[in-house]
Amino acid sequence: MLRGLTGLLFASLVSQLLCTAVLPAAEKPNVLVVVADDLGWADVGFHGSKLPTPNLDKLAGEGVVLDQHYVAPVCTPTRAALLSGRYWSRFGNTAPSNTRVYPFGTVTLASALKSVGYATAITGKWHLGSMPEWGPTKFGFDHSYGSLAGGTGPWNHRYKMGDYTHTWHRNDELIEEEGHVTDLLADEAVKFLSLEHEKPFFLYVPFTAVHHPLQEPEVWLAAGQKADPKRPQYAASVMHMDDAVGRLLTALERSGKQENTIVVFFSDNGGMPPGPADRDNARYPGEYPQGELLGDNTPLRGYKTQLYEGGIRVPAVIRWPAELKPGKATTPVHVVDWMPTLTALAGYQPQDDLKWDGRSAWPAIRGESTSADAVDRVLYWDGPGHRSGVIRQGDWKLVVHHASGGDRIELFDLANDPQEKHDLADKQAERVVAMRKLLAAERAKDGDAVVKP
């Protein structure tokens, strides 16, 4: 084990050094990260969806499709990991949160890039602390706009009922605006991309689409009805978001900065399970149409909130015309990897140990990972409410479900069973014991950055 860890640390160090050397400081890449909300694995054209997503398909065709891109099974944890390079459970977070997730002073992707000369902005869903005093400008963003809380009403921009319902803001000050949430977020992002930037920029665009409640404009609803009559609101939301992504890419192209801009796209978790779409309507002000919200994760097992592949493996693409040729990367990439990857490409070197759980994904993205990299890699998930946990080591995935009557264990060989149909726990008893020790070791690290009251 020690030998394996030593090799892993060495490989990570080499990857960081290689990444840092990609471009001289004068040619630092711009960074655009776009995140969808609750988008299913099979709800994009480049994964075979019947829903038209021409802009995402074009991005996939021009970039590298990440075939095994992993996130948390719910929204706040994914965002916490993306911007910190650490597992969400290190912050005591496993579920959607309106309270502050990061301790003040946490080095984020935004603050790290800002420290090496980047202009930083977010237009979209923050959901790492739903009060203005916990907003993005407190954690490295020069400019912030959108929803401080989670899924908001598409037209009134309210979040459920209660203390956090007023959530629409600009630079962490609450405001009132008219318009559909997807259009407003795209408008703001296009304005930012159209500026004459003297610095390299980092723009983070976490859309609220396709999270419920859904109430699409009539033109998109008509298109959604035609595309998928069984789930017209959902289809309309996917298509509307795809159009918004296209607007961002067009603005980037017109700015003349497309060639040296890294564009990353992924969903924050898998699609929702079957059931009433707007099950939380009673918790939102206003009236929203009922219907079905069916995130399609075919052929993966499971949905949002679950640690099966359908809940945590999501559509993802990275495009960087100056450096990457179109293709597909099959080595696992975890959302915690983006901070080490992007900061290294920007020339950022941490002054302190930031306790990253991620490592540079650049070799995997470029197809330069070795089989040893994949075999040695250990990935960890703590599920909502700490009710479940996962360790993935190489192609082996251990799922532990906690219950008062005792743990229920499942073991899958993802190389031969990506749909998780065959539980091998009884046949691989020694492997189960070893992987449970790995799970316990990771859990022992949790909570070291919990927000103190």
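A residue is counted as buried when its relative accessible area is under 20%. In this predicted model, helix H3, spanning residues 75-82, is mostly covered by that criterion, with eight of its eight residues buried. The residues concerned are Cys75, Thr76, Pro77, Thr78, Arg79, Ala80, Ala81 and Leu82.

A helix pair comes next. Two packed helices are described by the angle between their axes and the distance between the axes. For helix H5 (residues 181-193) and helix H7 (residues 232-255), the axes come within 9 Å and cross at roughly 10 degrees. Angles under 35 degrees count as roughly parallel, and H5 and H7 are therefore roughly parallel to each other. On the H5 side, the contact involves Thr182, Asp183, Ala186, Asp187, Ala189, Val190 and Leu193, which meet His240, Met241, Ala244, Arg247, Leu248, Ala251, Leu252 and Ser255 of H7. By residue class, this contact of H5 with H7 comprises nine nonpolar, three polar and three charged residues.

Turning to the strands, an open sheet of three is found in the order S10-S3-S13, with mixed pairing. Strand S10 (313-314) and strand S13 (333-334) stand at its edges with a single partner strand each, so one side of each has no neighbour in the sheet. Strand S3 (residues 69-70) pairs with S13 in the parallel sense, over two bridges. Within this region, tyrosine 70 stands opposite histidine 334 in S13.

Definitions and conventions. Residues are numbered from 1 along each chain as its sequence is written. This is a predicted model: local features need pLDDT of at least 70, side-chain atom pairs count only at pLDDT 80 or more; totals for chains, interfaces and linings use all residues. Side-chain values use heavy atoms; hydrogens and water are left out. Buried means under 20% relative accessible area, exposed over 50%, partly exposed in between (1.4 Å probe, protein chains only). Helices (H or I, at least four residues) and strands (E, at least two) are DSSP runs, numbered from the N terminus. Axes are lines fitted to C-alpha atoms, for helices over the stretch in contact, and angles run from 0 to 180 degrees between N-to-C directions. Angles under 35 degrees count as roughly parallel, over 145 as roughly antiparallel, 65 to 115 as roughly perpendicular and the rest as oblique. Contact means heavy atoms within 4.5 Å. Ala, Val, Leu, Ile, Met, Phe, Trp, Tyr, Cys and Pro count as nonpolar, Asp, Glu, Lys and Arg as charged, and the others, Gly among them, as polar. Two strands pair if DSSP finds at least two bridges between them.
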